[in-house]
Amino acid sequence: MALQLWEICLAAFGCGWLGLFVYRATFAPLSKLPGPWYTLFSDVFLMYKEFTAQRRVYIHELHKRFGPVVRLGPNEVSFTSLEAVKEIYQSGGSGYDKTEFYNLFIQYGTRTTFSTLRKREHDQMKRYIAGSYANTSIMHPEVLDGIQERVKAFLRQCEEARKPAIDFYVYLHCFAMDCASFHLLHPHGTKSIEGKDLNLMQEYSYGDTLRTKLFRYRWPALARWLEKTFQQKFESHIGQYVLRACEQTDSGDHSLAYKLKNSNAKFGQIQVAAECMNHLAAGIDTTGDALCFLIYQLSLPKNYQVQDQLIAELSSNKDKALNDLPYLEAVIKEGLRCFPPIPMSQPRCVPSTGRIIDGYSIPARTIVSCQAWSVHQLNPDVFDQGDKFLPERWLDSKSVLRMNSLLFSFGAGGRSCTGRHLAMVEMKCLLRELYSLYRTKIAPEMKGSMELYDQAISTRPLDQTCLLILEPVQKLGPK
Ligand code: HEM
């Protein structure tokens, strides 16, 4: 009996699928890696976890079950060891190229330092921005004064708040936005702490774009078609604000906008705006959430003694420089370790020759990554009791070098966080001022959950509220 054409096609398709399944299960290089069996065939389960904001926890549980190397899908692997961090993010300086995932961070249709995928182009872009973020630039009195002014505005606002409970989530995100925009756009930075640009912070930080972003990443062509067909414009108010600020001709000479406009690279206006918008986005929720998670921890009764020790260090070292306060530094690092604002995978693409990572041969173009959440918790030889908030660990001079090399909150290598010095100074200035004057406690009316709620790469407190009360330090006296 002669077969119909459709039957032949169906049989060929079936054989093809079967062949692929057999290949993936037995011969494919990733089949030798630890991981659940279903990840050999499809990443549908991983996608489901992404869309339901469970990717980080899912990967973490897999690492606990399978160890430091885990296959996540037919073309994706996650790692937790220092060796893997060094290979993926630091080999050759900047590590491997970024994956298409970073197309999500293209601004105004323009690629920026953050969204540039290839190493060579990134190196060129970075030359023009690195100077603005060097420690010496951030420690410049003009920049420090600008940050200090915003710390004062933050405290003023807390003191003037009528209710006894203050929503730190709101003010900390305003603080982070005002500081970052000051650095990028001065004198056209935002004034959200005072309430003027509060809507920009709210639009940016409260929006839930997780599924839109993931949809654009997983099905870019379909997303583009839908956006075109329905003529959707995703230009936010904050995006328009940055565009307008970059059109001004009176940018302060310490601002990134000024430096880019006056560099010999002759950047167009849209490129300057795209770069600034990206940095602003990189600096709001990260610093705001890092401070929020940390201050919340310090305000829990179980951590009162940490708060007391911080207050003691600050009160007896009033004239010390910002970087000469070891306990303050320890508290911030432990906050970043336990609650990394970017706790999820930072995906990279294995180079065309393939590589050995953590003892496994990984073929070209495999997506590989580490996630800070697991790196920080699943290396007990470096971070003993990794799931506990213990700032004292950073005071142990013998282990601090190893801990620093595994602290992945700012990423690692040439593509790690450009704004880390700015973020550290913002956090140090705010915490020094706050805990020189006040103790913080959880307000009785605080019912919101501070559990991590993941976005595409970052996280935030689930209920986006953190109600605290302030008690003047001198009233209680030194402990
Ligand atoms: C606590 C605060 C912050 C944390 C935890 C943080 C974390 C990170 C991480 C993990 C990356 C690498 C992401 C990846 O490769 O996928 C990154 C990149 C970056 N961050 Fe931050 N960040 C913070 C604050 C800031 C601030 C305040 C700015 C600037 C205003 C900034 C600007 C950038 C830029 C421009 C990049 C891209 C670097 C490149 O690709 O060369 N960040 N950040």
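Helices H14 (269-299) and H19 (420-437) pack at an angle of about 40°, with their axes 11 Å apart; axes are lines fitted to C-alpha atoms, for helices over the stretch in contact, and angles run from 0 to 180 degrees between N-to-C directions. The crossing of H14 and H19 is right-handed, a crossing being right-handed if the near helix is turned clockwise from the far one by less than a right angle, and left-handed if anticlockwise. From H14, Gly283, Thr286, Thr287, Ala290 and Leu291 meet Ala423, Glu426, Met427 and Leu430 of H19, where contact requires C-beta atoms, placed from the backbone, within 7 Å. By class, this contact of H14 with H19 comprises five nonpolar, three polar and one charged residues. Ala, Val, Leu, Ile, Met, Phe, Trp, Tyr, Cys and Pro count as nonpolar, Asp, Glu, Lys and Arg as charged, and the others, Gly among them, as polar.

The model is predicted, and local features need pLDDT of at least 70, side-chain atom pairs count only at pLDDT 80 or more, and totals for chains, interfaces and linings use all residues. Residues are numbered from 1 along each chain as its sequence is written. The protein chain contains 20 helices and twelve strands, defined as DSSP runs (helices H or I, at least four residues; strands E, at least two) numbered from the N terminus.

Around the ligand there are 24 residues, of which Gly283, Thr286, Gly411, Cys417 and Gly419 come nearest; a residue is near a molecule if its C-beta atom, placed from the backbone, lies within 6 Å of it. Helices H8 (168-185), H14 and H19 are the elements that give two or more residues to this shell. The most is given by H14, with six residues. The shell divides into ten nonpolar, twelve polar and two charged residues.

The axes of H8 and helix H9 (residues 198-206) come within 10 Å and cross at roughly 105°. H8 and H9 are therefore roughly perpendicular to each other, the range for this term being 65 to 115 degrees. His173, Cys174 and Met177 of H8 make the contact with Leu198, Leu200, Met201 and Ser205 of H9. Five of these residues are nonpolar, two are polar and none is charged.

Two loops show backbone features of note. Pro187, in the loop between H8 and H9, is joined to His186 by a cis peptide bond with omega of about 10°. Ala53, in the loop between helix H2 (44-51) and helix H3 (55-66), has phi near 60°, a positive value in a residue other than glycine.

Terms used: Contact = placed C-beta atoms within 7 Å. Parallel < 35°, antiparallel > 145°, perpendicular 65-115°, else oblique.
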